[in-house]
Amino acid sequence: MREIRIRQMSYIDAKSKLEAELNEAFMRSERRVLVVHGVGQGKLKALVQDVARGYDFCRVVDPANLAHYNPGCTVIDIDSPDRADIRRYRA
């Protein structure tokens, strides 16, 4: 599972990195990513949820459905196409 670390980053840098990493995970047909944002005031956690909602291929996993929940992390499921479709997208 891909781990995206945005903890202690500025909002703008964190958003840029998160968007790039989610797009790359999508293009590599990855199914799930873990975003490490820390606890703090919750601004980066809110950012993660907003960015994930903005993509039609991302879904934030409900913490109740996770065996181990860490409040400083968010798990995102990605509805990626299969590798054959990815090759067509790149062509």
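Does Arg2 count as buried or exposed, and at what relative accessibility? At 15% relative accessibility, Arg2 counts as buried, where buried means under 20% relative accessible area, exposed means over 50%, and partly exposed lies in between (1.4 Å probe, protein chains only).

The structure is a predicted model, in which local features need pLDDT of at least 70 and side-chain atom pairs count only at pLDDT 80 or more, while totals for chains, interfaces and linings use all residues. Residues are numbered from 1 along each chain as its sequence is written, and side-chain values use heavy atoms, with hydrogens and water left out.

## Helix H1

Helices (H or I, at least four residues) and strands (E, at least two) are DSSP runs, numbered from the N terminus. Helix H1 covers residues 11-27, and its 17 residues should span 24 Å at 1.5 Å a residue; the expected span is 1.5 Å times one less than the number of residues. The end C-alpha atoms of H1 are 24 Å apart, which agrees with that expectation.

The buried residues of H1 are Ala14, Leu18, Glu21, Leu22, Ala25 and Phe26. Seen down the axis of H1, these buried residues fall within an arc of 135°, so they line one face of the helix. The arc is that of the directions from the helix axis to the C-beta atoms.

The buried residues of H1 pack against strand S1 (2-5), strand S2 (32-36), helix H2 (43-54), strand S3 (58-60), strand S4 (73-78) and helix H3 (83-90).

## The loop after H1

H1 is followed by Ser29, whose phi is positive, near 60°. Ser29 is found in the loop between H1 and S2, and it is buried, with a relative accessible area of 16%. Not counting residues up to four places away in sequence, Ser29 touches Ser80, Pro81, Asp82, Arg83 and Ile86; contact means heavy atoms within 4.5 Å.

Arg28 also has its place in the loop between H1 and S2. At 44% relative accessibility, Arg28 counts as partly exposed. Leaving aside neighbours within four places in sequence, Arg28 is in contact with Arg2 and Arg83. Arg28 and Ile86 are 58 residues apart in sequence, and their C-alpha atoms are 7.9 Å apart in space.

## Salt bridges

A salt bridge is a side-chain nitrogen of Lys or Arg within 4 Å of a carboxyl oxygen of Asp or Glu. The structure holds eight salt bridges, and the table presents some of them.

| Pair | N to O distance |
|---|---|
| Arg2 and Glu21 | 2.6 Å |
| Glu30 and Arg2 | 2.8 Å |
| Asp50 and Arg53 | 3.1 Å |

Arg2 lies in strand S1 and Glu21 in helix H1, so this pair ties together parts that are 19 residues apart in sequence. Glu30 lies in the loop between H1 and S2 and Arg2 in strand S1, so that pair ties together parts that are 28 residues apart in sequence. Arg2, Glu21, Glu24, Arg28 and Glu30 are linked in a network of salt bridges.

Asp50 and Arg53 both lie in helix H2, three residues apart, about one turn of the helix. Asp50 counts as partly exposed at 45% relative accessibility, whereas Arg53 counts as exposed at 60%.

A nonpolar core is a set of buried Ala, Val, Leu, Ile, Met, Phe, Trp, Tyr and Cys residues joined through side-chain atoms within 4.5 Å. The largest core has 19 residues, of which Leu22, Val33, Val35, Cys58, Ile76 and Ile78 touch the most other members. H1, S2, H2 and S4 each supply at least two residues of this core. A second, separate core of five residues includes Leu34, Val36, Val61 and Cys73.

Leaving aside neighbours within four places in sequence, the contacts of Ile76 include Leu22, Val33, Val35, Val48, Ala52 and Cys58.
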